[in-house]
Amino acid sequence: MSKNIFLTLVVLLFIMGCKTNPFTGKSTLNFYPNTSIFPTAFAQYDEFLKENKVVESTTEAKMITSVGQRIATAAERWLNSNGYPGYLKDYQWEYNLVQDETVNAWCMPGGKIVFYTGILPICQDETGIAVVMGHEVAHALADHGAQRMSAGMIQQGVAVAGNIAINDLEKRNIFNQAYGIGSTVGVMLPFSRSHETEADRIGLQIMAIAGYNPDEAAELWKRMKVNSGNQAPPEFLSTHPSNDTRIANLTSWAPLAKEEARKYGVTTFQ
C-alpha cells in the first residue's frame, strides 16, 4: 500500500469516526460503534470476574450496586431531558466489588464497573463511593474506552506511514524513537488526562443530580493525595491530572453541579 493511499484511509477514518459527546456538545474521535465494542467488553468483564474474588452480599457490595444504580438513573434523566432518549439502550450496567488492596476502580465500555476493596477506606462512606462511581459511569457515558482505542489506531497508523515513507534505516530508527516519545508525551498522555478531567466534571454533575453532595469530590481527592504520599509522577508524564489539579477543578465545579441538580428538583444533598 502506498503512503498516499494509507494516509488517505487514515483521514477518511478520522472524518467518519466522529461522534458527538452529549455532555459537552463536542465531536469526539470514535471508530467503534457500541454494537462492535460492547460485546467484547462484556466478555472481557465476565472473564475478569471469573478470575478474581468478587465480594457478594456484604454491606459494601450492596452499597456499590445501589449507588451505581442511582447514578445511572440520574444520567438517564439528564440524557432524556436534554434530547438523547435511547442513548443508553445498548448499555448493560453492572457493579461489582472485588477483593483487592489496590486503590482503584474502573469501568469498561457499556457500563461494566469494578471497585476494588482497597479504595473503600478512602471513599469512607456512600457519598465517597458516589464520587468514584460518578467518575466511572462518566467514562462509560462519554465512550472514553472507544476513543482511546481510536486514538491508538491513529497513532499506529501514522507510525506505519512514517516507516513506509522513510527508506533510510538510520533515519527510520530516529523517526521511530522520536515519534514514539513525542506522540506519547505530546498527544496520548494529554488525551488521557483530558478524559479524566471530563469524567470528573460529568461525574460531579450526575452525582449531584442523584442527590449526592458534589462538595465531597474535592475532599475525596484530598484523601487520595495523602494516600499517595505525594509520590505521583509529574503531570505531563501521567495519564491522570495531578491531585492538586483535580482538587482545584472539583472545588470550582461543585457549585455548577448543584445548580444543574436544581433543574431536576434536587436541592438537598447527602
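How many residues lie between S5 and S6 in their hairpin, and which residue in the turn has a positive phi? I found three residues between the two strands, and Gly110 is the one in the turn, with a positive phi of about 90°.

Ground rules before I go on. This is a predicted model, so I note that local features need pLDDT of at least 70 and side-chain atom pairs count only at pLDDT 80 or more, while totals for chains, interfaces and linings use all residues. Residues are numbered from 1 along each chain as its sequence is written, and side-chain values use heavy atoms, with hydrogens and water left out. The H and S names are DSSP runs numbered from the N terminus: helices are H or I with at least four residues, strands are E with at least two.

**The sheet**

I traced an open sheet of four strands, ordered S3-S4-S6-S5, with mixed pairing. Its edge strands are S3 (54–55) and S5, each pairing on one side only. Strands count as paired if DSSP finds at least two bridges between them. In general, sheet strands pair through backbone hydrogen bonds, either parallel or antiparallel.

I then checked the pairs. S5 (residues 105–108) and S6 (residues 112–116) are antiparallel over four bridges, and Cys107 has Ile113 in S6 as its bridge partner.

Buried means under 20% relative accessible area, exposed over 50%, and partly exposed in between (1.4 Å probe, protein chains only).

**Helix H3**

I listed buried residues of H3, among them Ile64, Ile71, Trp78 and Leu79. After H3 comes Gly83, with a positive phi near 90°.

**Gln205**

Gln205 is in H7 (residues 169–209). Is Gln205 buried or exposed? Its relative accessible area is 18%, so Gln205 is buried. Leaving out residues up to four places away in sequence, Gln205 touches Phe23, Trp78, Ala257 and Glu260. Contact here means heavy atoms within 4.5 Å.

**Around H8**

The axes of H5 (residues 126–141) and H8 (residues 215–228) come within 9 Å and cross at roughly 90°. That makes H5 roughly perpendicular to H8. My note on angles: under 35 degrees is roughly parallel, over 145 roughly antiparallel, 65 to 115 roughly perpendicular, and the rest oblique. Axes are lines fitted to C-alpha atoms, for helices over the stretch in contact, and angles run from 0 to 180 degrees between N-to-C directions.

The H8 and H9 axes come within 7 Å and cross at roughly 170°, so these two helices are roughly antiparallel. Residues meeting there include Trp221 in H8 and Leu250 in H9.

Last stop: Ala232, in the loop between H8 and H9 (243–262). Ala232 counts as exposed, at 52% relative accessibility. I also checked Ala232 against Glu47: they are 185 residues apart along the chain, and their C-alpha atoms are separated by 31 Å.
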